[in-house]
Amino acid sequence: MNENLLKTLAVGIFGAAALVLLAPSIAAGAKPIVRRGIKVAVKGYAQGMETLAELQELAEDAYAEALAELQEEAATGSERRPAEPRPADEAVLAAEEADGGEPKRKTRPR
């Protein structure tokens, strides 16, 4: 048992001495890698904050628009306005009327 204890102590002392001697060179080699990792993290954080700011702006705009619509509906007494037809919808409707009411697009059976 004393032999194992001596081997363990020898390995421990050798390991500690090697660490003391090699630590500066390991630290010097790791410094650029660590610095690069920190740069990537900082850039990622900045991009994330920018994306969150844009998302917050979109949410605030949507909220303001919805609030304005609710206030307008309350002022006029109407609950919901019919959606205005889009130019593409008008073109489809005109083509359908010109063709005798036949739909131009295929419909799926339900």
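The model is a predicted one. The chain has 110 residues, and 1% of them count as buried. In terms of folding elements, the chain holds two helices and zero strands.

Let us start with the charged patches. Lys-31, Arg-35, Arg-36, Lys-39 and Lys-43 come together on the surface as a patch of positive charge. One of these residues, Lys-39, sits in helix α1.

A patch of negative charge is also present on the surface, formed by Glu-50, Glu-54, Glu-57, Glu-60, Asp-61, Glu-65 and Glu-69. Glu-69 belongs to helix α1, which covers residues 2–76.

Tyr-45, Met-49, Leu-52, Leu-55 and Leu-58 make a nonpolar surface patch of about 570 Å². Among them, Leu-58 is found in helix α1.

| Residue | Relative accessibility | Class |
|---|---|---|
| Lys-39 | 54% relative accessibility | exposed |
| Leu-58 | 58% relative accessibility | exposed |
| Glu-69 | 42% relative accessibility | partly exposed |

Why does Leu-58 count as exposed? Its relative accessibility is 58%, and the label applies because exposed means over 50%. Lys-39 gets the label exposed because its value is 54%. Glu-69 counts as partly exposed because its relative accessibility is 42%, and that class lies between the cut-offs of 20% and 50%.

Note on methods: Residues are numbered from 1 along each chain as its sequence is written. This is a predicted model: local features need pLDDT of at least 70, side-chain atom pairs count only at pLDDT 80 or more; totals for chains, interfaces and linings use all residues. Side-chain values use heavy atoms; hydrogens and water are left out. Patches are made of residues with over 30% relative accessible area and no salt bridge: like charges are joined within 9 Å, nonpolar side chains (Val, Leu, Ile, Met, Phe, Trp, Tyr) within 5 Å. Accessible areas come from the Shrake-Rupley method with a 1.4 Å probe; for residues, only the protein chains shown count as cover. A salt bridge is a side-chain nitrogen of Lys or Arg within 4 Å of a carboxyl oxygen of Asp or Glu. Lys and Arg count as positive and Asp and Glu as negative; His and the chain ends are not counted. The place of a charge is taken as NZ of Lys, CZ of Arg, CG of Asp or CD of Glu. Helices (H or I, at least four residues) and strands (E, at least two) are DSSP runs, numbered from the N terminus. Buried means under 20% relative accessible area, exposed over 50%, partly exposed in between (1.4 Å probe, protein chains only).
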